[in-house]
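Student: I am new to this structure and would like to go through it slowly, one question at a time. Could you show it to me before we start?

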Amino acid sequence: MHRAIYPGSFDPLTNGHLDIIVRAATIVDELIVAVVHNPNKHPLFTLEEREAMLGESLAGLNNVKTAHFSGLLVDFVKEMDASIIVRGLRAVSDFEIEFQMALVNKKLAPGVETMFLMTTAEHAFLSSSSIKEIASLGGDISDFVPPVVKARLLERYKVKK
Ligand code: PNS
């Protein structure tokens, strides 16, 4: 039984994340998509909002659950009785930081493997930051995020204007 954790900020979830989730879910038995609480960051959406958007967008995937965590990722992986960390790679620029994180996590928890999935070409340019910027400037984000995320982003920026 392979249980994996796909950790991230998901501020907010993008179609690129969704693509990784759907593909990882066909490889592992159970996938837990875990939203990080990082007290040093100031996300646009609260932890609860980010996890709720994930829950709504992943409703049809039977072996995928959502969760949230704070502290060390490897501690959460062990707490969940999982053995795999899933991360997506978009470009060479992602590789350096992801390689470093994978090595740190391997040192902290030798029994935990990091599994990288390459993004599909159509999602290679997507990032939560650029999508937030486009939405805040009134651009069309329909192709970049699930419908529930689009609705929340439009709501959020209308409120902020
Ligand atoms: O979506 P992100 O922001 O690229 O995700 C980064 C994340 C959540 C994977 C990373 O920040 C993380 O693992 N945070 C938990 C703290 C931790 O375990 N740090 C040590 C590993 S470098």
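**The ligand and its pocket**

Student: Where does the ligand sit?

Tutor: Please keep in mind that this is a predicted model. A molecule is said to sit in a pocket if more than half of its atoms lie within 2 Å of the grid points of that pocket. By that test, the place of the ligand is the largest pocket.

Student: Which elements give two or more residues to the shell around the ligand?

Tutor: The residues around the ligand include P7, G8, S9, R87, M101 and N105. When the shell is sorted by element, those that contribute two or more residues are strand 1 (3–8) and helix 4 (92–108).

Student: Which side chain has a polar atom 2.6 Å from an oxygen atom of the ligand?

Tutor: Several polar contacts can be listed here, and a pair of N or O atoms counts as one if it is within 3.5 Å. L73 takes part through a backbone N or O atom, which lies 2.8 Å from a ligand oxygen, while R87 uses an N or O atom of its side chain, at 2.9 Å from an oxygen of the ligand. The side chain with a polar atom at 2.6 Å from a ligand oxygen is that of S9.

Student: How much of the ligand's accessible area does the protein cover?

Tutor: On its own, the ligand has 550 Å² of accessible area. The part of this area that the protein covers is 71%.

Student: Which element gives the largest share of the lining of the largest pocket?

Tutor: The largest pocket has a volume of about 1,200 Å³, and of the 43 residues that line it, the closest to its centre are P7, G8, S9, R87 and E98. Elements that give two or more residues to this lining include strand 1, helix 1 (15–27) and strand 4 (84–89). The largest share, eight residues, comes from helix 4.

Student: Which peptide bond is cis, with omega near 0°?

Tutor: The loop between strand 1 and helix 1 holds P12. The cis peptide bond runs from D11 to P12.

Key: Residues numbered from 1 in each chain as written. Predicted model: local features only at pLDDT ≥ 70, side-chain atom pairs only at ≥ 80, totals over all residues. Heavy atoms only, no water. Near = heavy atom within 4 Å. Polar contact = N/O pair within 3.5 Å; in protein donor to acceptor, adjacent residues only side chain to side chain. Areas by Shrake-Rupley, 256 points an atom, 1.4 Å probe, with all protein chains shown as cover. 1 Å grid on protein atoms, 1.4 Å probe; cavity = no way out; pocket = protein on both sides within 12 Å on 5 of 7 lines; lining within 4 Å. Helix = DSSP H or I, 4+ residues; strand = E, 2+ residues; numbered from the N terminus. Points joined across faces, edges and corners; volume = space filled by probe spheres on them.
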